[in-house]
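Me: I am new to this structure. Could you walk me through what the terms mean as we look at it?

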There are 2 protein chains.
Amino acid sequence: MSESPSFTALTRLLRRLPGVGPRSSQRIAYDLLMRKRELMPALAMALQAAHEHIRSCSRCNNLCEAELCAICSDTQRQRELLCVVESPVDLAAIEESGAYGGDYFVLMGHLSPLDGIGPEDLHIDRFTARLAEPGLREVIFATNSTLEGEATAQFLAGYVPAGVRSSRIARGIPMGGELEYVDRGTLGRALLGRRDLEE
Amino acid sequence: MSESPSFTALTRLLRRLPGVGPRSSQRIAYDLLMRKRELMPALAMALQAAHEHIRSCSRCNNLCEAELCAICSDTQRQRELLCVVESPVDLAAIEESGAYGGDYFVLMGHLSPLDGIGPEDLHIDRFTARLAEPGLREVIFATNSTLEGEATAQFLAGYVPAGVRSSRIARGIPMGGELEYVDRGTLGRALLGRRDLEE
């Protein structure tokens with residue numbers, strides 16, 4: 001099949017998907033052509049539809065199909081809490097935990113000077129506009145616990161107005177984690193961040 | 001994003017690709033929407049084009065874009081040799097080995113009564129038509145070394161006309177393989193299939 005231009009074009013594009021290498025791009029293409037032909041136009045249409053309809057929420061940057069995402073248009077959420085995350089995947093993870101009922105702001109990335117990602121790429125305008133909304137009490141920075149995530153949280157905390165609390169999600173031993181297998185950095189953080197038993 | 005119908009539709013279809021589970025379908029969809037938007041219409045078009053243009057070679061069943069595949073229309077190939085494989089992937093693997101210069105017949109599967117795949121699904125008509133072409137000397141069965149592959153080879157060998165040799169690719173120790181780590185079935189096969197050193 002190395003001679004078929006349509007096949008080559010398809011595998012070349014599939015290879016750009018995350019987790020898909022040269023071998024699996026071929027496997028996917030053959031599987032579609034030999035066993036799941038009906039899936040091909042359906043997937044093509046779904047890609048087109050998602051490309052056309054999915055956009056950013058004008059308030060929090062989350063992916064959605066309307067002007068405002070489901071969370072921003074939900075009147076039951078606590079508007080005084082704002083949780084800053086790097087991506088919609090992180091937002092989904094926090095929602096699944098069931099431990100949070102406030103608003104979000106999705107950065108769609110983190111500061112990374114080496115990759116050329118500066119503050120202007122993190123939708124600072126939208127972020128400061130959200131910070132200016134009345135009634136805000138606390139901004140919780142839930143960026144990843146990586147160098148870039150920490151730097152991004154530090155940088156953005158500078159925009160939080162006086163009188164509004166800035167917090168960072170806790171770092172420590174994961175639930176069910178055994179001290180023996182936890183890395184030293186995490187263990188150090190967990191000791192520094194210890195809390196009174198009464199709490 | 002659980003509320004977006006386009007997103008749900010896209011991840012549901014992606015999940016049907018081989019090697020893509022619920023988590024990676026989400027990862028692919030988010031990656032496309034957040035970082036590779038330009039890839040979405042391109043991939044949709046490539047899927048449509050492959051779906052429209054790629055068909056089966058009318059002679060050997062291989063996937064191609066014309067009436068005959070590149071191998072069947074290549075006048076330099078040895079028409080007296082016919083190698084029977086289960087899929088175009090196997091054909092590509094044999095071509096890459098550089099050890100074969102004859103024709104192929106691609107079954108697009110193997111006999112599997114449990115999955116409802118009977119002889120009629122293996123393009124027997126096309127196979128017997130190919131066997132009837134003049135000048136054929138040998139049919140090499142290169143189906144997989146699995147129960148189904150063996151049964152398929154045995155079954156199809158019954159169609160090979162008298163005077164035409166039927167052969168099976170050799171089973172044995174893989175190149176570079178150490179006896180210590182080879183399974184007993186393969187080792188038994190390798191002993192039974194031993195050949196004189198002079199050869």
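**The sheet and the two copies**

Reply: Gladly! In chain A, four strands make an open sheet with parallel pairing, in the order 4-3-5-6; strands are DSSP runs (E, at least two residues) and helices are H or I runs of at least four, numbered from the N terminus. This is a predicted model, where local features need pLDDT of at least 70, side-chain atom pairs count only at pLDDT 80 or more, and totals for chains, interfaces and linings use all residues. Residues are numbered from 1 along each chain as its sequence is written, chains are lettered from A and ligands numbered from 1 in the order written, and side-chain values use heavy atoms, without hydrogens and water.

Me: Why do strand 4 and strand 6 of chain A stand at the edges?

Reply: Strand 4 (102–106) and strand 6 (165–168) of chain A each have a single partner strand, so one side of each lacks a neighbour in the sheet.

Me: How do you know that strand 3 of chain A is joined to strand 4 of chain A?

Reply: Two strands pair if DSSP finds at least two bridges between them. Strand 3 (residues 78–85) of chain A has five bridges to strand 4 of chain A, so the pair meets that definition. A:Cys83 stands opposite A:Tyr104 in strand 4 of chain A.
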